[in-house]
Amino acid sequence: MREKEKSTLRKIEHHSRESFYLIVRGAEVGLFAGLVCVVYRKLLEFSEGWLFQVLDYVKGSPLKIALWLLALGAIGAVVSYIVKIAPESGGSGIPQVTGEVKGYLTSPWLRTLSAKLIGGTLSVFAGLSLGREGPSVQLGGMAAKGVAKITRADKTTTLRMISCGAGAGLSAAFNAPLAGIMFVLEEIHRTFDKSILCMGMVAAVVADYVSKFFFGQNTIFNYQTENIPLRHYWLLIIMGLLLGLLGAFYNWFMLKTQDMFKRLSKIPEPIKLALVFIISGVVGLWLPQVLCGGHRMAELLITEHPSIQILLTLCVAKFLFGAFSFGSGAPGGTLYPLSIIGTYIGAIYGDFVIGAFDLNPDLWQEFVVLGMAGYFASIVRAPITGVIMVFEISGNMNNILPLATVALISYATANTLGSAPFYEASLERILKAKDAPTGADGRVGERVLQTYVVPLGSPIVGKTLSQIEWGKHCLVVAIERGELSVTPKGDTEIKAGDTLLVMVSQRRFSQDRNRLEKIIKGE
């Protein structure tokens, strides 16, 4: 057996040092991902603060406004150049990280990280409706990849570190470590991996600590919980259905906006982004509340409880401007903007049902956070992450039952409508544009270890290993059955709940990984 395969096989041995190794690696990832995301948050805070100072300064002066719009056009051209030399830095960043973990894409970590920091900061300074959370996921993943490269980690460890760096980035952005690791398992991997869980929890907690060290321990959204009477839970069912419909429409509209920008192919990209930035400047002069991620909309919602007319106006404006900003391809995320839209939908729904059914007015804030969780679940298609995220950013776990009810119903509704998960659909578009790329980054001959949990109802349950066409580049090297480790042999029967450790060729990683998922899930 070649030395590379022997090196890979050593990682499946169960010994006491394995957990310690994962913890150390997780701490490294959390520290560096957390620091990078702190820098990004500081840059965005600084740029957003300067943006509103500039808007106050130019108001009422046509000459100043004209100069400001010209400056924005120049900034847009600069951002276009940044995206051209580092195309992986455009957009949210979550699909790019997912594609890298799955072996479809490979990004130069330092170039991507630098371009995202600069491009994202300039985009927010221009007021585009883009958030920090998606970029933080990518920045965390690229910071982790940098650590892996510097320490000469093997390919399996590198992929694990990128995954956990992504979760650490979300943790640092939202101050939500549990949501960070759940996002990795539910959205990126879509399976349960004990190694990822161990390393990822450490990384998310460390990144959260780093973030709170600089920004404090206050939760993003504080409110007093009021219990919704059980006899009125039918209102939550309707709310879940509504959020599912609106989430599916969000996904469709955002992707159509991307298509609209792509059809403008005759316009050079620098001119196109310059026009986008100028339009953002005009929007800022007219309706500054919808600029950037949406923090001003959140403050307005919490402190003033606007009328339903104002809520509806801001919600629609944020939705349209957010789609416009995202469709342009400028560096920036959609997680926080879509969460803000969800809170406004919840606020509008709450105002309506409270008035229509004479409910306790204090329930309004409850509907606000339910709107965030349900909208997130229907768009991202990660209901558990949505529930945990809202719990962590509000610091309140008394609303778990209504949160779960709304999130699961909205999730099921969007699925029933056939709406593809937003970031999954975005990744498919990236891969299509790149004409079926492969993850060729790695050492020649190296193998990658992949973990798969066999679900109930899988077509391979009850079959022996020899009865399954794994492919000549794949080898089942270990089976975990609860606390029991089973030595894989040709006549070993697979049972539901088994954890399979499969060694995959690094060169064919993306193809074999996709095929193995279809074999195990029966797709």
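Reader: Which residue of β4 stands opposite Val448?

Author: Val504 does. This is a predicted model: local features need pLDDT of at least 70, side-chain atom pairs count only at pLDDT 80 or more, and totals for chains, interfaces and linings use all residues. Residues are numbered from 1 along each chain as its sequence is written, and side-chain values use heavy atoms, with hydrogens and water left out.

Reader: What makes β2 a partner of β4?

Author: Strand β2 (residues 474-481) and β4 share six bridges, again antiparallel. Leu475 stands opposite Met503 in β4.

Reader: Which strands stand at the edges of the sheet, and why?

Author: The sheet is open, with four strands in the order β1-β4-β2-β3 and antiparallel pairing. β1 and β3 (484-486) each have a single partner strand, so one side of each has no neighbour in the sheet. That puts β1 and β3 at the edges. From one strand to the next, the twist averages 25 degrees. Helix α19 packs on the sheet and touches β1, β2 and β4. Its direction makes about 20 degrees with that of β1.

Reader: Why is β4 called largely enclosed?

Author: Count its buried residues. Buried means under 20% relative accessible area, exposed means over 50%, and partly exposed lies in between (1.4 Å probe, protein chains only). In β4 (residues 499-505), seven of the seven residues are buried, so the rest of the structure largely encloses the strand. Both faces take part: Thr499, Leu501, Met503 and Ser505 point one way, Leu500, Val502 and Val504 the other, and all are buried. In a regular strand the side chains alternate between the two faces of the sheet.

Reader: What does Leu475 touch beyond its neighbours within four places in sequence?

Author: Leu475 is in contact (heavy atoms within 4.5 Å) with Leu501, Val502 and Met503. The C-alpha atoms of Leu475 and Val502 are separated by 5.5 Å, though the two residues are 27 apart along the chain.

Reader: Why is α8 called roughly antiparallel to α16?

Author: The axes of α8 (residues 177-189) and α16 (residues 383-394) cross at roughly 170 degrees and come within 8 Å. That angle makes α8 roughly antiparallel to α16. Angles over 145 degrees count as roughly antiparallel, under 35 as roughly parallel, 65 to 115 as roughly perpendicular, and the rest as oblique. Axes are lines fitted to C-alpha atoms, for helices over the stretch in contact, and angles run from 0 to 180 degrees between N-to-C directions.

Reader: Which residues make the contact between α8 and α16?

Author: From α8 they are Pro177, Leu178, Ala179, Met182, Phe183 and Glu186. From α16 they are Pro383, Ile384, Thr385, Ile388, Met389 and Glu392.

Reader: What makes α4 mostly covered?

Author: In helix α4 (residues 94-101), eight of its eight residues are buried. What covers them includes α6 (133-150), α7 (155-174) and α8. Gly103 follows α4, with a positive phi near 90 degrees.

Reader: Why does Asn175 count as buried?

Author: Its relative accessibility is 9%, which is under the 20% limit, so Asn175 is buried. Asn175 lies in the loop between α7 and α8. Its phi is positive, about 55 degrees, although Asn175 is not a glycine.

Conventions
Helices (H or I, at least four residues) and strands (E, at least two) are DSSP runs, numbered from the N terminus. Two strands pair if DSSP finds at least two bridges between them.
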